[in-house]
Amino acid sequence: MIQNSLYLHIPFCKQACHYCDFHFSTNLKTKESVLAQMHLELKNKALLSPWKSATLKSVYFGGGTPSILAASELKELLEAIKSLFSCAHGMEVTLEANPDDITLYGLNSWYDIGINRLSLGIQSFHETELKACNRAHDSHMAHSALEMINASAFSNFSIDLIYGMIGSSITSWKENLDMAYSYAPSHISCYILAVEKRTVLDKQVKTGKVTLPAEQIALQQFADLRDWAKEHNYEHYELSNFSQPGRQSIHNTHYWSYQPYLGIGPGAHSFDGEQRSWNVSNNIRYARGEAGDYENLSVREKLNERLMVRLHTSDGFILSRDLDPLGLDPDMEARFTFNMNNALERDKIIAIPGGFRISARDWIVSDRIISDLFIED
Ligand code: SF4
């Protein structure tokens, strides 16, 4: 049975966070037409291979800010998915939500329509850090959202936090982790604050308006995060992801396993195992039905992409699972074996049964190690 994951990109937000380079608009005028086009896209894609014969094991409402939609709009999308696709029993259905959208009534409605996992964009509990990056919520809203989640039927929820934040310190980061823990999340995702091109943050850093903590601080915060996770029984299973035993994100694990996934909505990407495709990142053009673009991946590109996702996980790269299905030609295989042996000899990677991995403490600085394993053109 082919298993699959479905991602829906809801491209609307209340206000723009200074660091964000995702596709979203703060103008909600196109909401109805974008949603209508998403329903149409679901209908069309459900008829195509490989999606038509696949069973969905996860649905993920991401964005943007999916919690900006009314529960009735989310319900219509979920009902359409369930009528068009074969869905696994107990399918994971995640909703990304921002604290300022959380109400007890809303939580109950989401649970009733079939959402069974929340991913909450807290980012920080510190007022100054939230303000510095222009989040729509404040510290009080963050706490109150989590109190409501604890009082609701949702036991499976993730908290997003950012380290290397403007104004953050070793102490403020530990406080963030402890505050998150006091709400007993089943999962925590922690990202480093990245300065993406053409964002407000990029401009602020270039003009000296904002100074980020020194790289050493962010690296120490990552090391402290790992120690903290161990003490609190969270398994570090991917560079940015930590879970209680058995509570890993099914949806994201599917991406890191390099399995096909279908993306619906403006700017959403899909991967069918051979081809990567993406929708236009413009709400008006998407709503008009304008097509996106695609690229066919060569064997070499697929191998390099697999190395990149696999080596950021505790699972590592397993030759029979990750290399053999690609069918490398003898020359490519020889080059890969050379790179692999070279990295093993230099202790850059660790041998495990059937393959190799990178030590979790090095994941944050592992891009160079991984690119040394790539096969060049
Ligand atoms: S809420 Fe999320 S998607 Fe929207 S601007 Fe902020 S970081 Fe970006």
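I sorted the shell around the ligand by class and got six nonpolar, five polar and no charged residues. Here Ala, Val, Leu, Ile, Met, Phe, Trp, Tyr, Cys and Pro count as nonpolar, Asp, Glu, Lys and Arg as charged, and the others, Gly among them, as polar. The shell includes Cys13, Cys17, Cys20, Phe22, Phe24 and Asn98; a residue is near the ligand if its C-beta atom, placed from the backbone, lies within 6 Å of it.

I note that the model is predicted: local features need pLDDT of at least 70, side-chain atom pairs count only at pLDDT 80 or more, and totals for chains, interfaces and linings use all residues. Residues are numbered from 1 along each chain as its sequence is written.

Next I looked up helices H1 (residues 31–46) and H2 (residues 71–84), whose axes come within 10 Å and cross at roughly 10 degrees. Axes are lines fitted to C-alpha atoms over the stretch in contact, with angles from 0 to 180 degrees between N-to-C directions. Helices are DSSP runs (H or I, at least four residues), as are strands (E, at least two), numbered from the N terminus. H1 and H2 are therefore roughly parallel (angles under 35 degrees). Their contact (C-beta atoms, placed from the backbone, within 7 Å) includes Leu35 and Leu42 of H1 and Leu77 and Ile81 of H2.

Ten residues from domain 1 and nine from domain 2 make the contact. On the domain 1 side, H8 (215–231), strand E7 (235–238) and H9 (250–256) each supply at least two residues.

Definitions and conventions:
Angles under 35 degrees count as roughly parallel, over 145 as roughly antiparallel, 65 to 115 as roughly perpendicular and the rest as oblique. Two residues are in contact if their C-beta atoms, placed from the backbone, lie within 7 Å.
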